Protein chains: 2
Amino acid sequence: MEIDERLRASGRRMTVQRRLVLEALQRARHHVTADDIATRIRARHPQIDPSTVYRNLEALEELGYVTHSHFDDRVTRWHRADAQRHGHLVCRSCGAEQELPIELLEPLARRLRDEHGFRADLAHSAIVGICKVCSNVSSVQ
Amino acid sequence: MEIDERLRASGRRMTVQRRLVLEALQRARHHVTADDIATRIRARHPQIDPSTVYRNLEALEELGYVTHSHFDDRVTRWHRADAQRHGHLVCRSCGAEQELPIELLEPLARRLRDEHGFRADLAHSAIVGICKVCSNVSSVQ
DNA sequence: GGGCTTATCGCAATAAGCCGCAATAGTGGT
DNA sequence: ACCACTATTGCGGCTTATTGCGATAAGCCC
């Protein structure tokens, strides 16, 4: 299997736990927390410790299989890396999350690079604010 | 004193602890964590509890005197609000932080508002990436 | 298949932050 | 100056996200 080989090639090992983390991420449609994944796995395999999930996410990230980003709380969110790169909008009021085509962020990235020499990773942190729905609700009140 | 009055007008009180938090923030040149502030205050006033610092930061934020933002770790960073609103660049490699004129972020904010109905708070989360210095170092190696 | 190295695991501990509660202390009124 | 009212404090304990550490087991060599 392809992924096993890449793991071993990097001096890592394929374990039951690692496979379960990968599968859980593949099933998850949205950006999930390490705890989400741990909970899902532990439903069937209670002996697997949450810390193992954390460390496996890191390991898989180093190999480029998964990515993390930060929303408005202090919890890290994870998703598969093979889905296309995208930005994130998160509503501060209702918590709704929305993906954003990366091209929309390009002009800012370019200016930061040209004017500040800063190579920004604009997909890494979610942009927080108030979504359209919540905006309307509060203006109507 | 102006700030005392505004506190009282909102049904709050000016206390020694609150004043110390404000002063610590005024002296801090950068974006500091709640723990930084607690540690500094407790160096001279060990009886002041960290939880008091947390609560005062929240209270002062509600009154608009301080603001928090999120850098690349899971720790909240605080700074005075009366300094002009600004974005943040944080280097993933060396941790250097840099402030950013808010105007630079305006075009993106406008597009998000116009095209997505999303009122973004672009100053709230730091933009992470690789700063000019680290960029040069790694390309030279 | 058995032994050896060391990546990985599960458990216990830590770090950041929050909450309930009884005691304390600003404030406004007298 | 004193009182009553209640915001705020310090304390202890709790929660959530993550990390240190000794035990376990994956993968390589024979």
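**Close-up views of chain B and its partners**

**View 1. Hairpin of E4(B) and E5(B).** In this predicted model, strands E4(B) and E5(B) make a hairpin with 5 residues between them, and Gly95(B) in the turn has a positive phi of about 80°. Strand E4 (residues 86-91) and strand E5 (residues 97-101) of chain B pair in the antiparallel sense over 5 bridges; two strands pair if DSSP finds at least two bridges between them. His86(B) has Pro101(B) in E5(B) as its bridge partner. Helices (H or I, at least four residues) and strands (E, at least two) are DSSP runs, numbered from the N terminus. Residues are numbered from 1 along each chain as its sequence is written, while chains are lettered from A and ligands numbered from 1 in the order in which they are written. Local features need pLDDT of at least 70 and side-chain atom pairs count only at pLDDT 80 or more, whereas totals for chains, interfaces and linings use all residues.

**View 2. Helix H4 of chain B.** H4(B) (residues 50-62) has 13 residues and reaches 19 Å from its first C-alpha to its last, close to the 18 Å expected at 1.5 Å a residue (1.5 Å times one less than the number of residues). Its buried residues are Val53(B), Asn56(B), Leu57(B) and Leu60(B). Seen down the axis of H4(B), these fall within an arc of 105°, so they line one face of the helix; the arc is that of the directions from the helix axis to the C-beta atoms. On the other side of H4(B), Ser51(B), Glu58(B) and Glu62(B) are exposed. A residue is buried if 20 or more other C-beta atoms, placed from the backbone, lie within 10 Å of its own, and exposed if 12 or fewer do.

**View 3. Surface near DNA strand D.** DNA strand D is surrounded by 27 residues, the closest being Arg13(A), Ser51(A), Arg12(B), Gln17(B) and Thr52(B); a residue is near if its C-beta atom, placed from the backbone, lies within 6 Å. H4(B) gives the most to this surface, with 5 residues.

**View 4. Contact between chains A and B.** 25 residues of chain B are in contact with 25 residues of chain A, with C-beta atoms, placed from the backbone, within 7 Å. Strand E6 (residues 119-120) of chain A is joined to E7(B) by 2 bridges, and the two run antiparallel. Ala120(A) has Gly129(B) as its bridge partner in E7(B).

Conventions. Contact = placed C-beta atoms within 7 Å.
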